[in-house]
Amino acid sequence: MDLASWLSGHWLDFFTTLLGLLYILLEYKASIWLWLVGIIMPALDIYLYWSHGLYGDAGMATYYTIAAIYGYAVWKIKDLKSKNATAVIQEQKHKDSMQIKHFPKRLLLSTVVCFFVVWGITYWVLVNYTNSSIPVTDSFTNALSIVALWALAMKYVEQWLLWIVVDAVSCYLYITKGIPFKAALYGLYVVIAILGFRKWIQMMNKEESVKNN
């Protein structure tokens, strides 16, 4: 097979990979535009993953599309509240603004329980209703991605730690399933997630400093 034919067979993989690079760059900057890219990219990924037998990931892509709409709405509403606040209610403005923050300890147990429940349900669906050859890891990344995407919508800085795990496992899965561009993208995601965690820590500390002054 020549290069042109190979690229023709992987064009969707390549295109969504480019969108993925744009997405992670916007996430790194904590830009609200990440959610718009996050709507388009997974919508295309649904077909890509399904055609390669990654049924769990195809289902997750559907979830990502819907969740991105939710994430955009949450960030947009919080930003509007912050911008419309007056000097008289400056303290309330800080309270309402969508700031980067640590994951609250009070939610840890319930989040872990939800993760295992979703992992189990997803595994059961893959085993009983698809011919997935990797139901354990496929369902694992799906369940952890659900938690990570929710944490991103809430602007919890620890969401980056979850994505490091998801991206590393996904990189391996895409290599084994013959989706090379996505595999390379998720390998890069691991590195960017580490840098993103450090970046968000700095941004969070800066926001706290401005808030306290």
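Modeller: This is a predicted model. Take helix 2 and helix 8. Their axes cross at roughly 155 degrees. Angles over 145 count as roughly antiparallel, so helix 2 and helix 8 are roughly antiparallel to each other.

Colleague: Which residues make the contact of helix 2 and helix 8?

Modeller: Helix 2 brings Ile24, Glu27 and Tyr28. Helix 8 brings Gln159, Trp160 and Trp163.

Colleague: How do the residues of that contact divide into nonpolar, polar and charged?

Modeller: Four are nonpolar, one is polar and one is charged.

Colleague: Is the crossing of helix 2 and helix 8 left-handed or right-handed?

Modeller: Left-handed. The two axes come within 13 Å. Helix 2 covers residues 11-28, and helix 8 covers residues 159-176.

Colleague: New pair. At what angle do helix 6 and helix 7 cross?

Modeller: Roughly 140 degrees, and their axes come within 8 Å. Helix 6 and helix 7 are therefore oblique to each other. Helix 6 passes helix 7 in a right-handed crossing.

Colleague: Which residues of helix 6 meet helix 7?

Modeller: Among them are Phe115, Trp119, Tyr123 and Leu126. On the helix 7 side, the residues include Phe140, Leu144, Val147 and Trp150. The residues of this contact divide into 14 nonpolar, four polar and one charged. Asp138 of helix 7 is one of the residues in the contact.

Colleague: Stay on helix 7. Is it mostly covered or uncovered?

Modeller: Mostly covered. Of its 19 residues, 15 are buried.

Colleague: What is its reach from first C-alpha to last?

Modeller: Helix 7 spans 27 Å from its first C-alpha to its last. That is close to the 27 Å expected at 1.5 Å a residue.

Colleague: And what happens just after helix 7?

Modeller: Look at Lys155. Its phi is positive there, at about 60 degrees.

Colleague: Let's zoom out. How many helices and strands are there in the protein?

Modeller: Nine helices and zero strands. From the N terminus on, the elements run α-α-α-α-α-α-α-α-α.

Colleague: What share of the residues counts as buried?

Modeller: 44% of the 213 residues in the protein.

Notes
Residues numbered from 1 in each chain as written. Predicted model: local features only at pLDDT ≥ 70, side-chain atom pairs only at ≥ 80, totals over all residues. Heavy atoms only, no water. Axes fitted to C-alpha atoms, helices over the stretch in contact; angles between N-to-C directions. Helix = DSSP H or I, 4+ residues; strand = E, 2+ residues; numbered from the N terminus. Parallel < 35°, antiparallel > 145°, perpendicular 65-115°, else oblique. Left-handed = near helix turned anticlockwise from the far one by under 90°. Contact = heavy atoms within 4.5 Å. Nonpolar A, V, L, I, M, F, W, Y, C, P; charged D, E, K, R; others polar. Expected span 1.5 Å × (residues − 1). Buried < 20%, exposed > 50% of the residue type's maximum accessible area, 1.4 Å probe, protein only.
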